[in-house]
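The points go from the domains to the sheets and helices and then to the interface between the chains.

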Amino acid sequence: MNNKFVERPRSFCALGGAMLTAGAIPGVVPILHTAMGCGGSIYWNQVGSTGYLGAGYCGGLAVPSSNVGEKDIIFGGTDRLTEQIENTAKLVEGDLYIVLTGCMTDIIGDDIHSVIREFQAKDVNIIGAETGGFKGDGYKGYDLVLQAIITNFIEKKSEKINSKVNLWGIVPGQDAFWRGNLNNLRSLLLKLGLEVNSFFSDSDTLERVKNAGDAALNIIVSEFYGIDAAKSFEDVHGVPYITFPLPIGPSATEEFLGRVSEALDINKDVTDKVIESENTLYYKYVDRIADTYNDQDFQRYAVVVGDGNYSLAIARFLADDLGWMPELTVITDVFEEEQQDKINKYLDHFNSGYKTKVVYETDASEIQYHLSRHWPQSSGQKFYDAFSPAFVIGSHLERQLAINIGAAHLTVSYPVGNRVVLTRGYAGYSGGLNLIEDIFSVLVAQR
Amino acid sequence: MSYVDEKVAPRREERLGTCVDFGGCACDLKKNFNGGCLKNNDRGFCQGSICQLLPGLSMLNTIPDSVVIVHGSLGCGGSGHSQSAAVRGRQILGGSTNPRGTLWLSTNLNERDVVSGGEAKLEEAIIEADRRYRPASIIVVSSCVPGIIGDDLDGVIAKIQPQVNGVILPVHCEGFKTKVMATAYDAVYHAISRNLLEEEEDEVKVIQDEFEEEAEKIRRSRQVNLMNVSSGTPGDEKELTRLLNALGLEVKIFPCFTHPDDMKYATQAALSISTCPTHDDYFLKHLNEKFGVPYLLRYMPIGIQNTNSWLREVAKFFHLEDVAERIIERETTELELSLMTIRENLKGKKAMLSAGEVRTLATAGWLQELGLEIVAVRPYHYDEFGEPALDQLIDKDSNIQVNVGTVQPYESVNIIERTRPDIYLGHNSDNVWAAKSGVPVLPIYGGPNTYVGYTGAFDFARSINRVLKNPSFNQNLRKNVRQPYFKNWYTDQPYKYIAQGGND
């Protein structure tokens, strides 16, 4: 557990992650049981960090919230919560309400579950999760909401359907490209002949989430996020899971599809055919940028900065697919040793054999020191092998670093405040093409 | 003993009887407010809102050469991500070629800290902030968690201050402590007043020059404090400075974007001039009591009438009435000419407004002057500082509808469906709900526009005129995007969930 301050945190608190997660599931209305400013704080964060992900159906400052004050903190907030739920059910149309607690109500120990049970007894479709901000970051909030859904909403089914899978590990808002990423991976899995529930994508429905219990496998495209939810799913519904780092580009995606096929015992010919046709299509496009790549010398040294998902995914894409040198990979999460081992293992088997230096650093202003340590600065020699030409792929906080070291810059990881994101995704084959478009567009932008 | 001698500024509920829950006509608002019957009102259905921490951070994040430490959970300072855009803009205007934007640290209080306290972590953050960034000031803002686990912010700071170079400012902004987000202004000014106003001894001149001394005296007799707000734009400051310069006054701007070392100059002015009365009273009264700086605190210079009044008050203080009248004559003549065709277009259009107290009411006043009909105003809170602007509205429309609430868009959309305004001028995070109702929107502050003075009056008019030229975007939203409320909500009274709390 991180016990240090964090500069300009690259994450929501648990409540923020939980609110965005709940609000991203079709038909779900979050009800905050928090102090009055939590909704505003999350929203004012969201509009500067998530590629301009707006409030949506009932997020932002429309989110129902008990807004507990000093009196409630002293005498308990459950009466206020009861009143709030009662009126929310009258006023706000939701297929499922999820009560999310904040720091204050968690600390005073409001028993939300007995309040929720009263409403369930009156046929209100409602569950709850304890998501006080001090419990962790936005990723933790994501995991807690998924666990609540898995435990209290998804129906138990004894028969499993062999071709049915659930997909998660991409965190709405923390990943500005979450919709595109989920859509890209969904459509690949559909091509393998699978039925896919992915909770948050354009094609998902609450009905499908409710019936997710008969899947044969849970596929988590992250080594770090949603893992406890996967364990809950296994405990409650008996569905096993696999994890695989977010796949971006043909090398990682091919391996990902191979892993899924293996776990589900899918006919190898089917999988190979999908991989071959996707790969062919990918290179049909890459073919047309090859001229510029080679004429303009578009190979770059790179610094990659991002969370556990993006840092690995982008470093690998740059090394294995783009032929770049991701010299320094900065992972902005605070990870335990076990998680660090997973990272090292993954980074050790790049197809290209390229080795990136990994550091763990939450604070944007410290990254340049890490780079200086890794790539010694000029000591005035006439012939100096500089860290150039260079490219920084990180958050918008890395723009300063890029300017300082004379590198180009693209924002991909949170906070994403200098790009607008709607359908775009980087996962899979088509996502790799998107990333090529965006990277090279930066290089030609001044022409 | 003055408020500033206490560690924490009082809540506005107590200090001013401020109200945040009301719906009805303006006369009832005035009557009940003055009777003290509104401060215990409540809502039975609430939506996520804005606590005092958020405007507090909006002000503090602007202070140059400083680090904000948000003592609380990981998420509490997150609004800094969106505010960075405006701060970067100012840094670029200030000449930076590689602007940093906002800079804050979160003490990231976790489950262990909730049990065992967060003071040690705060100490570490302060020391490291001083070492790493060498700031002029380290602004420690406490959010809810330290307030409830009992961290002694002032104690930690008193202990650590001798070890660090930057001046440490404790700012108490626990969100759960007040329903009035405007308490934030007092909390911030409280910290500035207690820590940054100490006068340094007058410097001794190498060459004693009587003429120079006399010149300095005259200069100071014409030096004014112009108070800004974090929601103000560079254009706003430029416009008001222009007008005050035209009166022959020298302007220093406080507190947003003012260097911590320069805050003390606020004590040397001949006069303090507020641009948003509800924002500044705490500080201006303190400057007056402690340093004898008189102040003006009545008008927000939005629209011609308010700007005229604002300017006349300043001029009267300096006995410059004639100059002011000449400026007013010149500005308004030219402005009226430019407004002629726009006025025609806007006449009879219906408007609804929603934002901070005085800004909302004063802007509504300008729209009335422009010939628009105001279907409702939604100030985020109401206290005595809203009264002059409210009276102006009542003068033109004695039945004007006022809905006091901090955001609460469910009431907003209900009123919109009843009144179908032609334009909505709202606060950021508020506008989108009007947009989904199909109403054209103009943000009521921010961006590249000017909102105050004569330039602002014109900008409002021409921007509304522009927005009305093509309302397709929001009309399409109304057809294609759903609001989250059941249909029957729109047939209910918009103030259904506001409960009268009565007197204490």
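How far apart do the C-alpha centres of domain 2 of chain B and domain 3 of chain B lie?

1. The C-alpha centres of domain 2 of chain B and domain 3 of chain B lie 29 Å apart. This is a predicted model, in which local features need pLDDT of at least 70 and side-chain atom pairs count only at pLDDT 80 or more, whereas totals for chains, interfaces and linings use all residues. Residues are numbered from 1 along each chain as its sequence is written, and chains are lettered from A and ligands numbered from 1 in the order in which they are written.

2. For chain B, the domain assignment gives domain 1 (3–18 + 50–195), domain 2 (213–322) and domain 3 (339–499); domain bounds here come from an automatic or database domain assignment. Domain 2 of chain B has 22 residues in contact with 25 residues of domain 3 of chain B, where contact requires that the C-beta atoms of two residues, placed from the backbone, lie within 7 Å. On the side of domain 2 of chain B that touches domain 3 of chain B, α11 (234–246), α12 (277–291) and α13 (303–317) of chain B each supply at least two residues; helices (H or I, at least four residues) and strands (E, at least two) are DSSP runs, numbered from the N terminus. The residues of that side of domain 2 of chain B divide into 9 nonpolar, 9 polar and 4 charged, with Ala, Val, Leu, Ile, Met, Phe, Trp, Tyr, Cys and Pro counted as nonpolar, Asp, Glu, Lys and Arg as charged, and the others, Gly among them, as polar.

3. Chain A is divided into domain 1 (14–152), domain 2 (161–283) and domain 3 (289–444). Between domain 1 of chain A and domain 3 of chain A the C-alpha centres lie 36 Å apart, and the contact takes 5 residues from domain 1 of chain A and 7 residues from domain 3 of chain A. The side of domain 1 of chain A that touches domain 3 of chain A has 1 nonpolar, 4 polar and no charged residues.

4. An open sheet of 4 strands in chain A has the order β6-β5-β7-β8, with parallel pairing; two strands pair if DSSP finds at least two bridges between them. At its edges stand β6 (195–197) and β8 (241–243) of chain A, each with a single partner strand, so one side of each is left without a neighbour in the sheet. Neighbouring strands of this sheet are turned by 25° against each other on average, direction ignored. Strand β5 (residues 161–168) of chain A is joined by 5 bridges to strand β7 (residues 215–220) of chain A, the two running parallel, and V165(A) stands opposite L217(A) in β7(A). Helix α8 (residues 178–191) of chain A lies across β5 and β6 of chain A and runs at about 170° to β5(A); axes are lines fitted to C-alpha atoms, for helices over the stretch in contact, and angles run from 0 to 180 degrees between N-to-C directions.

5. Strand β10 (residues 325–331) of chain A and strand β11 (residues 357–360) of chain A pair in the parallel sense over 4 bridges, with V330(A) opposite V359(A) in β11(A). From β10(A) the chain crosses through helix α15 (residues 337–347) of chain A to β11(A) in a right-handed β-α-β crossover, meaning that, with the strands pointing away from the viewer, the path from the first strand over the helix to the second runs clockwise.

6. The axes of helix α11 (residues 249–264) of chain A and helix α14 (residues 308–321) of chain A come within 7 Å and cross at roughly 110°. The helices α11(A) and α14(A) are therefore roughly perpendicular to each other, a label for angles of 65 to 115 degrees, while those under 35 count as roughly parallel, over 145 as roughly antiparallel and the rest as oblique.

7. Between the chains, 59 residues of chain B are in contact with 65 residues of chain A. By class, the side of chain B that touches chain A has 29 nonpolar, 19 polar and 11 charged residues. An open sheet of 5 strands has the order β1(A)-β4(B)-β3(B)-β5(B)-β6(B), with mixed pairing. Its edge strands are β1 (6–7) of chain A and β6 (167–172) of chain B. The strands β1(A) and β4(B) run antiparallel and are joined by 2 bridges, and E7(A) stands opposite L105(B) in β4(B).
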